[in-house]
Amino acid sequence: MTLDETDKKILRILQRNAKLSHKQIGDAVNKSATPVYERIRKMEESGIVKGYVALVDPRKVGKSLIVFTAVHLDRHEHDAIKDFEREIGKAEEVMECYHMTGTDDYLLKVAVRDMEEYQHFIVEKLSRLQHIGTVRSSFVMTEIKHETAVNV
């Protein structure tokens, strides 16, 4: 699907506030509600719009420690990679997981209550996974910028 300027405007609006009605979005892009509905439906069907979520402040729900955890596997065969990805996908502490190039194989964004909970995650969950080589942790002191919107 090729996006025109109206589609891009709609996406920018949805990324700021997905709770707006089709009429409200239409007013902002000079279209009626029905064409806006159809455009959004097409973007959903094509996978451009993957879903709608409520953004939660981790600190306000007791997850004030954010840790970036770099993981290097000791083996890089297909099965080792797929096993790690399947198991790490089940870990509720892991908010994001990226397969990386460079020194580390994966970068995890982990949200936990405190250092004790992070230690439990490392000892009882991560270290029990097969093929873990090395793990390096970087603790967030201050969040400077956090965006969820993609610049379209």
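1. Ile-66 has Ala-111 of strand 3 as its bridge partner. The model is predicted, and every value here is computed from it. Strand 3 covers residues 106–112 and runs antiparallel to strand 1. Seven bridges join the two strands.

2. Now turn to the other partner of strand 1. Strand 4 also runs antiparallel to strand 1. Here, too, the bridges number seven.

3. How many of the nine residues of strand 1 are buried? Seven are, so the strand, residues 65–73, is mostly covered, given that buried means under 20% relative accessible area. As background, side chains in a regular strand alternate between the two faces of the sheet.

4. Look next at Asp-104. This residue sits in the loop between strand 2 (94–99) and strand 3. Is Asp-104 buried or exposed? Its relative accessibility is 12%, so Asp-104 counts as buried. Which side chain does Asp-104 meet in a polar contact of 2.2 Å? The partner is the side chain of Arg-136.

5. Phe-84 belongs to helix 4, residues 78–88. Its relative accessibility is 2%, so Phe-84 counts as buried. Which residues touch Phe-84, leaving aside neighbours within four places in sequence? They are Val-71, Leu-73, Tyr-106, Leu-126, Leu-129 and Ile-132. Val-53 is another matter. Phe-84 and Val-53 are 31 residues apart along the chain, and their C-alpha atoms are separated by 26 Å.

6. Check the backbone at Asn-30. Its phi is near 60 degrees, a positive value in a residue other than glycine. Asn-30 lies in the loop between helix 2 (22–29) and helix 3 (33–45). Its relative accessible area is 71%, so Asn-30 is exposed.

7. His-131 has a positive phi too, near 70 degrees, and is likewise a residue other than glycine. Where is His-131 found? It is in the loop between helix 5 (115–125) and strand 4 (132–139). With 14% relative accessibility, His-131 counts as buried.

How values were computed: Residues are numbered from 1 along each chain as its sequence is written. This is a predicted model: local features need pLDDT of at least 70, side-chain atom pairs count only at pLDDT 80 or more; totals for chains, interfaces and linings use all residues. Side-chain values use heavy atoms; hydrogens and water are left out. Helices (H or I, at least four residues) and strands (E, at least two) are DSSP runs, numbered from the N terminus. Buried means under 20% relative accessible area, exposed over 50%, partly exposed in between (1.4 Å probe, protein chains only). Contact means heavy atoms within 4.5 Å. Two strands pair if DSSP finds at least two bridges between them. A polar contact is a pair of N or O atoms within 3.5 Å; within protein, one must be able to donate a hydrogen and the other to accept it, and residues adjacent in sequence count only if both atoms are side-chain atoms.
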